[in-house]
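Here is a short walk through one protein model. Keep the structure in view as you read, and find each part as it comes up.

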Amino acid sequence: MIKFGAIDTASRAGRGVVDVQRVRKKRKINIPTEKETVRFEFEDFETLLVYDPRLFVESPIAHCHGYTWKLRVYPKLQIGEGGLDRTVVFLRLADVPKTADPDSIPDGEENRSFAFEDFENLLEGDDDPRNFVYSPVAHCHGYTWKLRVYPKLQIGEGGLDRTVVFLRLADVPKTADPLLTLSVTFRTTSGRELDKCEVEMTVAHSVKATIVRSEALDRDLGHLTENGTLVVDVDIQILNVKEKPLWYPEVGSKDADQLKLMESDDSVDAYFVVKTYKFPVYRCILGVKAPMLRELVENVEKGGDVEIEDVSPAAFEALLRFVYGRERPDSNFVRENGRELVEAADRFGCKKLKLWVESDIVRHCITTENVASWIVLADSHSCGYLKEAAIEVFDSDLQAVMKSRGWEELSDSNELLVELVGRLADRYGKRRRTGWWAFVRETTESGEVHFNIRDYNRMSVWGLRKLIEQRGGDEVALDGTREMLVQWLLSSENGSSV
């Protein structure tokens, strides 16, 4: 089901704004039903295409529910002879692989074959330093797959040489992070079963099968064709799919009684003054929820004023309402004031508000037009979740980002450019991260999952934050860059103070 909001041509300095809400219906597989709103904006809408022969323009892309979307808008279209001029918008899927059918994931099992020619001599030459190769990609169940094969690998000292193959997901959009539960069977073309398993799979996780190399070269066993090609058939059945979740900090329910203090002068200790606006101060509440704000009024006489500069009254009021009564700013307010809210929350030590606004920006606000500015903001205020999400969008449509207004600001930072170039160099996703923990194999004697530095380095920020929450970390532990989050987790594993 899709709902279009009204086109408001008078709002936001002449920009045409369309809100789109898309509700994904439940299918046979277990995909959560939830609503997300994405916003598409068209600047100077009244004169859009007035001096242009084109009939339509397309918006920058937006991301939700693991897909990429765009709007095609016809600013002035006459429908029917003598009819009124109308503005028509079309919501379209963008950047969907040509082999994918996102409407449904087929039930049942599909089989794909992967072939490696002249297998006996594969990578045997001295001039080839590699110890593995990839197959061509294959498509089934709406996903793209490939095999990584190690033709000759010795496992354990004095062990037999083995051929090891890994089934991997390929070409998954950088903004997506699915968790697939699969039933996978590896077999030869003659039908001999090599391995069968049920497994959880992510963009950073493979499914493995092993063959003794001497058996792989034995044509009588059906691994090789007459011309020496190794053929591995893989039966794939998708049992369940979980999409990348949106992470938000635990805030608690809104406290309407506490919010009444914002409108009352009873028992007030002092006042914050922002331009011409005054906001009541209650030291006992600030001492618990916002110690840095409490310090600002430490030596102020009862009923006295403390001036707050470099922040708007609206943003500061939203901050205080969150501190006093856990009132979250709505998404429209975050769209308009998200940058200032992050800066104010960081400046005054309101970590939980900073985390919440950061997550809301990730959910509602990132587009190719503004993503460069969000990367700069996230980097300067140690917003690990926002930075990671913004870089994923940057990587999904580089050309559009480089044409945006925020690109000049980003390009002034050599450190950020080096980081982004490193991301772009990873064209094949070898350093893809996931928030799911399916790849972790080590457990303690009590059955608890054990993580090491390699595991942490493969985790995305939302996965690191979920793990910190599980280990009892507070908002101070949750705030920061991914490197800071990894350091906290390593310290907690070692029993150090964090």
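This is a predicted model: local features need pLDDT of at least 70, side-chain atom pairs count only at pLDDT 80 or more; totals for chains, interfaces and linings use all residues.

Strands of a sheet pair through backbone hydrogen bonds, and the pairing can be parallel or antiparallel.

Now widen the view. S13 and S14 belong to an open sheet of 4 strands. Read across it, and the order is S8-S16-S13-S14, with antiparallel pairing. Which strands stand at the edges? They are S8, residues 109–116, and S14, residues 193–201. Each has a single partner strand, so one side of each is left without a neighbour in the sheet. The sheet also twists: the average is 20° from one strand to the next.

Next, turn to the aromatic rings. The whole structure holds 14 aromatic pairs. Take phenylalanine 279 and phenylalanine 316. Their ring centres are 5.8 Å apart. Their planes meet at 55°, which lies between the limits of 30 degrees for stacked and 60 for edge-to-face, so the pair counts as tilted. This pair links distant parts of the chain, 37 residues apart. Phenylalanine 279 lies in strand S18, residues 277–281, while phenylalanine 316 lies in helix H5, residues 313–325. Both phenylalanines are buried.

Compare phenylalanine 451 and tyrosine 456. Their centres are 5.9 Å apart, with 15° between the planes. That angle is under 30 degrees, so this pair is stacked. Phenylalanine 451 is buried, and tyrosine 456 is buried too.

Rings can also gather in a group. Phe132, Tyr134, Tyr150 and Phe166 form one aromatic cluster. Stay with tyrosine 134 for a moment. What sits over its ring? The charged end of lysine 146 does, 4.1 Å from the ring centre.

Finish with the cysteines. A disulfide is a covalent bond between the sulfur atoms of two cysteines. How many does this structure hold? The count is 0. Is cysteine 284 buried or exposed? Its relative accessible area is 60%, which is over 50%, so cysteine 284 is exposed. Cysteine 350 has a relative accessible area of 5%; this is under 20%, so cysteine 350 is buried.

Terms used:
Residues are numbered from 1 along each chain as its sequence is written. Side-chain values use heavy atoms; hydrogens and water are left out. Two strands pair if DSSP finds at least two bridges between them. Helices (H or I, at least four residues) and strands (E, at least two) are DSSP runs, numbered from the N terminus. Axes are lines fitted to C-alpha atoms, for helices over the stretch in contact, and angles run from 0 to 180 degrees between N-to-C directions. Rings of Phe, Tyr and Trp (its six-membered ring) pair if their centres lie within 6.5 Å; planes under 30 degrees apart count as stacked, over 60 as edge-to-face and the rest as tilted. Buried means under 20% relative accessible area, exposed over 50%, partly exposed in between (1.4 Å probe, protein chains only). A charge sits over a ring if NZ of Lys or CZ of Arg is within 6 Å of the ring centre and within 35 degrees of the ring normal. A disulfide is a pair of cysteine sulfur atoms within 2.5 Å.
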